[in-house]
Amino acid sequence: MTTIKTKLNSSDVLDKEFKIKPKGYDALEVDSYLDLIIEDYKTYEDLSNQFKMLQKTNSVLRNKITDLELEVETLNSKLGEYRNATGGANMGNIDLLKRISELEQQVYNFEQKEKKAKAAAAK
């Protein structure tokens, strides 16, 4: 977020003294000073709107965090149930790949034996 500086603070406004002319205050000086005040109010409004938007975003993100924490708890619970159901077996991806590879090797060996048996029977 960028830092936005205002041109005035409350003491600047409070302490401002306008030059008095014979017919009253200098209208151009008052007008230019009021323009500065207006710019500061616009800056304040922009900051206020930005703050409100950030509050909404923060609220949405906090709700998402809460939802995700609940989902993690649910998944951890299901994982615990799965581990209990499988007798505590903890197969990782590598273990699963090794098991699949072993099964594929057994199938391949079986097919080779079957081909040899058919070839021997055909002779």
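## Aromatic pairs

A search of the whole structure, which is a predicted model, turns up two aromatic pairs. Take F18 and Y25: their ring centres sit 5.7 Å apart, and their planes meet at 70°. Planes over 60 degrees apart count as edge-to-face, so the F18 and Y25 pair is edge-to-face. F18 also forms an aromatic pair with Y33. Here the distance is 5.6 Å centre to centre, with 90° between the planes. This pair is edge-to-face too.

Where do the partners F18 and Y33 lie in the chain? F18 is in the loop between α1 (10–15) and β1 (20–21). Y33 belongs to helix α2 (residues 27–85). Together, ring pairs link F18, Y25 and Y33 into a cluster.

## Exposure within the cluster

Y25 reaches 53% and counts as exposed. Y33 has a relative accessible area of 10%, so Y33 is buried.

Side chains of opposite charge can pair when their charged atoms come close. The structure holds three salt bridges. One of them joins E39 to K7, with the closest N and O atoms 3.3 Å apart. E39 lies in helix α2, while K7 lies in the segment before α1. The pair therefore ties together parts that are 32 residues apart in sequence. E39 is partly exposed, at a relative accessible area of 34%.

E29 forms a salt bridge with K16. Their closest N and O atoms are 3.5 Å apart. E29 is in helix α2 and K16 is in the loop between α1 and β1, so this pair ties together parts that are 13 residues apart in sequence. What about exposure? E29 is buried, with a relative accessible area of 17%. K16 is partly exposed, at 30%.

How far apart are E102 and R99 in helix α3? They are three residues apart, which is about one turn of the helix. Helix α3 covers residues 93–122 and holds both partners. E102 has a relative accessible area of 44%, so E102 is partly exposed. R99 is partly exposed as well, with 40%.

Notes
Residues are numbered from 1 along each chain as its sequence is written. This is a predicted model: local features need pLDDT of at least 70, side-chain atom pairs count only at pLDDT 80 or more; totals for chains, interfaces and linings use all residues. Side-chain values use heavy atoms; hydrogens and water are left out. Rings of Phe, Tyr and Trp (its six-membered ring) pair if their centres lie within 6.5 Å; planes under 30 degrees apart count as stacked, over 60 as edge-to-face and the rest as tilted. Buried means under 20% relative accessible area, exposed over 50%, partly exposed in between (1.4 Å probe, protein chains only). Helices (H or I, at least four residues) and strands (E, at least two) are DSSP runs, numbered from the N terminus. A salt bridge is a side-chain nitrogen of Lys or Arg within 4 Å of a carboxyl oxygen of Asp or Glu.
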